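Student: Could you walk me through how to read strand pairing, sheets and helix packing in a structure? I'd like to go from the general idea to the case on screen.

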Amino acid sequence: MWYKQDMMKFKRMNTVKPLPMRLVQYLMVVCFMLLPWSATAVNQSKLTGQLFSSTSGKDLVEGLLVKSLMQIAEGNTKQAMLTVNELIRTTPNFKLAHLIRGDLLSAQSRALNTFGNLPPSSSGTDSEEVEGLREEARTRINHYFSADNHNMVPDITFKMDANQKHLILIDTVKSRLYLYEKSNNGLQPVADYYVSIGKNGADKNVEGDKRTPVGLYFSNKKITSPLADLYGDGAYPLNYPNELDTHNNKTGYGIWLHGTPQDTYSRPPRASDGCVVLSNPDLGKLQPVLKAGGVPVIISDTVKWIDSSRVEEKAKELKALNNALEGWRSDWVSQNTNQYLNNYSKNFFYNKGKLPEWTAHKRRVLSGKPKLTVKVSNVSMFSYPTHSHTKGKTSVGDKIIVVNFDQYYQSPTLKNTMRKRQYWKNENNQWKIIYEGAA
């Protein structure tokens, strides 16, 4: 039905000088293959005024790309060509822009059946590359018309420490990186960027599976040694595998945030060996945030978006976990050993074993009832994302929060300060520790 409606719309828009049928066919190809219903159903003039009144917005390249495709959908191919040419002048190595320009030129002389001018039965490297560009176009357009852009915030529980000013959320389904800044009113959106992930999607399990991991990670400083052109203008390693990954027998290494080769502005949504890839200009915009290291990076394939008015629910969850953390500390100081050990899950693990080994060690240390001082400060808390195809020992629906803090410990025989990390899991409405170790 909508196909016929758009055909009628295109005819009305060109009553003075009808478009050649081959161009009309190409316009329908673009609408059918790329544009979401919301893009073809809305009032076009209102849409253009709202989204594209200025090309100097937060993402000039993406704005020009979507603008050109909407102009094609409106039947305004001449203006679309001008927009694409401007896009290519702005970003000469943007392969998707060159593909669209080539289609527009070809459609003037012959009928095109597909976006990218390859038949569906095509195979080989060229076909794979064109399909990747189609997916990139779909992904970028869908973002423009996503409800996530309007008064929605990610369903994340968080508390930043004194050194943390930003949080990065990567939605692997939407191929999008969202940058947030800490404020007195919660997380404030700063920017968002198109990204590429692993060729085989998300939820990395084994080395070489060409998947991007799902989890909470922390960025390291930029690699200073020379890198191949594949990594573009720089690379920032993530701490994959983290403690939970290792416990779940996940393997592999070298998961980075990095750029693109110099001849490539961006890559298809699924194109890397597992890393998260940004365009070099976008990576440059993130450089001030990433340069110091320690930025929390949540990678998820099940991002939930909630109305900003619901953030109070997260405050309640943080308060409950803060109380649990203080209970753990005070139980340790009071040397009520049974109560102290009750803070730990039966599924607890650490670098030397599991709960039985931990229990034996703590009972031995506390048996002498030494006088203890334990202080906790500079606390951070971040939700650990669940994912849709878990193969490890955590399951879908597990609510886990990673807690980092500075711990000051003093006994008659030992005094030290360390950065500690705990994973807390909600078990039957009680927070329990499932991992503890150095951060």
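Student: Let's start with E14 and E19: in which sense do they pair, and over how many bridges?

Tutor: Keep in mind that this is a predicted model. To call two strands paired, look for at least two bridges between them. Here E14 (residues 344–350) and E19 (residues 430–438) pair in the parallel sense, over 2 bridges. To find the spot, go to Tyr-344, which sits opposite Ile-433 in E19.

Student: Which way does E15 run relative to E14, parallel or antiparallel?

Tutor: Antiparallel: 2 bridges join E14 to E15 (residues 353–354). Tyr-350 has Gly-353 in E15 as its bridge partner. With 2 residues between them, E14 and E15 make a hairpin.

Student: Is E14 mostly covered or mostly open?

Tutor: For that, count buried residues, meaning those under 20% relative accessible area. In E14, 5 of the 7 residues are buried, so by that cut-off the strand is mostly covered.

Student: Now the five-stranded sheet. What is the order of its strands?

Tutor: Read across the sheet and you get E5-E4-E3-E12-E7, an open sheet with mixed pairing. E5 (186–194) and E7 (215–218) are at the edges; each has a single partner strand, so one side of each has no neighbour in the sheet. From one strand to the next, the twist averages 25 degrees.

Student: How does E7 pair with E12?

Tutor: E7 and E12 (residues 296–300) are antiparallel, with 4 bridges. Phe-218 is opposite Pro-296 in E12.

Student: Which helix lies across E3, E4 and E5?

Tutor: That's H10 (residues 280–290), lying across E3 (166–171), E4 (176–183) and E5. H10 runs at about 150 degrees to E5.

Student: And what should I look at when two helices pack together?

Tutor: Two packed helices are described by the angle between their axes and by how far apart those axes are. Take H5 (residues 60–73) and H6 (residues 77–90): their axes come within 8 Å and cross at roughly 160 degrees. Angles over 145 count as roughly antiparallel, and H5 and H6 are therefore roughly antiparallel to each other. H5 passes H6 in a left-handed crossing.

Student: Which residues meet where H5 packs on H6?

Tutor: From H5, they include Leu-60, Val-61, Leu-64, Leu-65 and Lys-67. Among those they meet in H6 are Ala-80, Val-84, Glu-86 and Leu-87. By class, the H5 contact with H6 has 8 nonpolar, 6 polar and 2 charged residues.

Notes
Residues are numbered from 1 along each chain as its sequence is written. This is a predicted model: local features need pLDDT of at least 70, side-chain atom pairs count only at pLDDT 80 or more; totals for chains, interfaces and linings use all residues. Side-chain values use heavy atoms; hydrogens and water are left out. Buried means under 20% relative accessible area, exposed over 50%, partly exposed in between (1.4 Å probe, protein chains only). Axes are lines fitted to C-alpha atoms, for helices over the stretch in contact, and angles run from 0 to 180 degrees between N-to-C directions. Contact means heavy atoms within 4.5 Å. Angles under 35 degrees count as roughly parallel, over 145 as roughly antiparallel, 65 to 115 as roughly perpendicular and the rest as oblique. A crossing is left-handed if the near helix is turned anticlockwise from the far one by less than a right angle, and right-handed if clockwise. Ala, Val, Leu, Ile, Met, Phe, Trp, Tyr, Cys and Pro count as nonpolar, Asp, Glu, Lys and Arg as charged, and the others, Gly among them, as polar.
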